[in-house]
Amino acid sequence: MPRVNKICCIGAGYVGGPTCAVIALKCPHIRVTIVDLNQARIDAWNSPDFHLPIYEPGLEDVVRKARGRNLFFSTDVDKGIQEADLIFVSVNTPTKKSGVGAGSAADLNYVELATRRIAAIATSSKIVVEKSTVPCRTAESMRIILEANSKPNTRFDILSNPEFLAEGTAIKDLFAPDRVLIGSLQTSEGKEACQALCEVYRNWVPNDKILTVGLWSSELSKLAANAMLAQRISSINALSAICEATGANIDEVAHSIGQDSRIGSKFLRASVGFGGSCFQKDILNLVYLSESLNLKEVAEYWKQVVTMNEYQKRRFSKRVVDTLFNTITGKRIAVLGFAFKADTGDTRESAAITLIRDFQEERALVNIYDPQVEHSQIWSDLSEASPSMSLETIQRQVSICSSALEACRNAEAVVIATEWAEFKTIDWQSVYAGMNKPAFVFDGRLLVNVEELRAIGFKVAVIGRGERL
Ligand code: NAI
């Protein structure tokens with residue numbers, strides 16, 4: 001069985017960075033080099049004051065312990081490839097924006113470029129591991145590219161090892177994963193390569209949590225897991241619309257159905273809609289795969305999960321407008337939270353972006369506060385969401401504030417878009433004193449104590465609760 005002494009990870013993003021930093025921490029005998037073409041990102045990973053490029057609780061501690069010992073960050077991709085016995089490909093696989101499959105298929109350009117680089121550079125045998133989320137049978141394309149370009153006496157074994165970490169709890173998830181999934185060809189070489197990667201994980205993951213399966217099952221399992229998780233959110237959100245129309249309470253409904261052990265209580269929290277770089281992209285990927293396989297009904301079934309999510313965001317922003325007497329033109333709205341969920345600075349597909357764009361279209365004034373997201377990221381996301389508006393026009397309507405209290409000053413309404421813990425301890429008395437009256441709170445994350453806020457004088461509208469404000 002090949003033994004892994006040196007690992008290279010191509011892609012120093014939200015997955016490659018934390019995953020391989022944890023491998024380095026848990027396997028001091030393995031030298032781990034994380035490479036990326038993005039110089040600024042690598043500089044941030046190497047920054048003397050540990051101002052890392054991504055915010056993730058516990059990550060800094062891991063990097064502090066391992067960096068410079070057996071964990072290295074570099075832009076020298078070729079050297080990383082050359083030296084490694086095992087290479088993780090952890091590059092981005094966004095939804096295609098143009099060409100065949102635009103809007104649903106995964107853009108595999110980055111995976112292909114990384115694969116071709118491995119083939120061009122490697123002069124010794126390598127285990128190549130798909131860490132990126134990819135459509136079913138991508139490993140086959142990688143194998144063909146690698147074999148067609150390999151040097152004599154160089155063999156490549158390809159594994160699929162999708163990542164199940166959730167942003168915001170990435171380090172916790174990596175330290176104690178529900179499972180590690182490794183897919184390989186069922187040949188003797190494929191199984192040996194699989195065992196070599198199992199050995200790496202066995203340094204801290206119990207053996208019964210390491211699942212070994214066929215390559216295609218592994219690739220499909222990742223898409224399936226994300227599709228099922230997102231489907232659960234869309235299901236509870238669909239029920240939240242019924243609650244608002246009938247006077248039922250989504251918290252009570254979720255609790256009641258979650259007591260059924262077949263359903264379970266986790267991931268049943270209604271919200272303004274799911275975001276993040278993965279759920280929508282991976283479902284659309286599954287939709288595209290189903291369509292390519294001529295499984296029209298299957299494709300339509302999964303597509304509905306995304307449709308429901310879009311509906312939930314629109315429904316929420318419409319509720320804000322309807323409640324504020326059918327117009328928000330010239331009114332100031334405080335949006336608390338811009339990240340797609342708490343404990344991350346990631347804004348990809350964040351519901352807040354859609355809400356703010358809707359408010360801008362209604363010509364409202366918007367104050368934004370988020371404890372982690374960089375201001376430059378907010379401006380870039382808002383510009384991308386409204387391509388017909390110049391940044392100057394956007395900045396006439398939108399301000400970024402440095403506290404929740406500041407964002408709420410002189411506002412007509414507060415919209416809670418991200419479930420940051422600090423929003424649970426806001427001094428609502430002071431917020432109320434500084435707002436125009438009637439003062440509204442729209443809770444898109446089931447975060448506030450409704451009765452307490454109503455006692456102060458607020459009019460409170462909550463996702464999945466339809467009672468009078
Ligand atoms: P990311 O965009 O944060 O990072 C990808 C990095 O790869 C970028 O820094 C980019 O510069 C680099 N890169 C691209 N091509 C390269 C090349 N040829 N050579 C060197 N570097 C290159 O993406 P993220 O979020 O880390 O996602 C990576 C993959 O993991 C995606 O397929 C995603 O679907 C999957 N995934 C993401 C999760 C998440 O929570 N973000 C969770 C589980 C899987």
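**View 1. The annotated C-terminal domain, residues 334-450.** UniProt, in an unreviewed entry, places the feature "domain: UDP-glucose/GDP-mannose dehydrogenase C-terminal" at residues 334-450. UniProt positions follow the numbering used here, feature names are shortened, and annotations may be inferred rather than shown by experiment. This is a predicted model: local features need pLDDT of at least 70, side-chain atom pairs count only at pLDDT 80 or more, and totals for chains, interfaces and linings use all residues. Residues are numbered from 1 along each chain as its sequence is written. Over residues 334-450 the chain is 36% helix and 16% strand. The end C-alpha atoms of this stretch are 18 Å apart. Helices (H or I, at least four residues) and strands (E, at least two) are DSSP runs, numbered from the N terminus.

**View 2. The open sheet of six strands.** The strand order is β11-β10-β9-β12-β13-β14, with parallel pairing. Two strands pair if DSSP finds at least two bridges between them. β11 (398-400) and β14 (459-462) stand at the edges. Each has a single partner strand, so one side of each is left without a neighbour in the sheet. On average, neighbouring strands of this sheet are turned by 20 degrees against each other, direction ignored.

**View 3. The β13-β14 pair and the helix packed on the sheet.** Four bridges link strand β13 (residues 440-443) to β14 in the parallel sense. F440 stands opposite K459 in β14. Helix α12 (residues 296-323) packs on the sheet and touches β12 (413-416), β13 and β14. Contact requires C-beta atoms, placed from the backbone, within 7 Å. The direction of α12 makes about 165 degrees with that of β13. Axes are lines fitted to C-alpha atoms, for helices over the stretch in contact, and angles run from 0 to 180 degrees between N-to-C directions.

**View 4. T307 on helix α12.** T307 sits in helix α12. Is T307 buried or exposed? T307 is exposed, because 11 other C-beta atoms lie within 10 Å. The cut-offs are 20 or more other C-beta atoms within 10 Å for buried, 12 or fewer for exposed, and partly exposed in between, with C-beta atoms placed from the backbone. T307 and S234 are 73 residues apart along the chain, and their C-alpha atoms are separated by 8.9 Å.

**View 5. The ligand shell.** 27 residues surround the ligand. The closest are G11, G13, Y14, S132 and T133. A residue counts here if its C-beta atom, placed from the backbone, lies within 6 Å. Helix α5 (residues 109-121) gives the largest share of the shell, three residues. By class, the shell has 13 nonpolar, ten polar and four charged residues. Asp, Glu, Lys and Arg count as charged; Gly is among the polar residues.

**View 6. C278, the annotated active site.** The UniProt annotation "active site", from an unreviewed entry, covers C278. C278 lies in the loop between α10 (250-258) and α11 (279-292). C278 is buried, because 25 other C-beta atoms lie within 10 Å. Leaving aside neighbours within four places in sequence, C278 is in contact with T133 and N226.

**View 7. Strands β1 and β2.** Strand β1 (residues 6-10) runs parallel to β2, joined by five bridges. C9 stands opposite I34 in β2. Four of the five residues of β2 (residues 31-35) are buried, so this strand is largely enclosed by the rest of the structure.

**View 8. R202 and C27.** R202 lies in the loop between α8 (188-201) and β8 (210-214). R202 counts as partly exposed, with 16 C-beta neighbours inside 10 Å. R202 and C27 are 175 residues apart in sequence and 9.6 Å apart in space, C-alpha to C-alpha.

Definitions and conventions. Contact = placed C-beta atoms within 7 Å.
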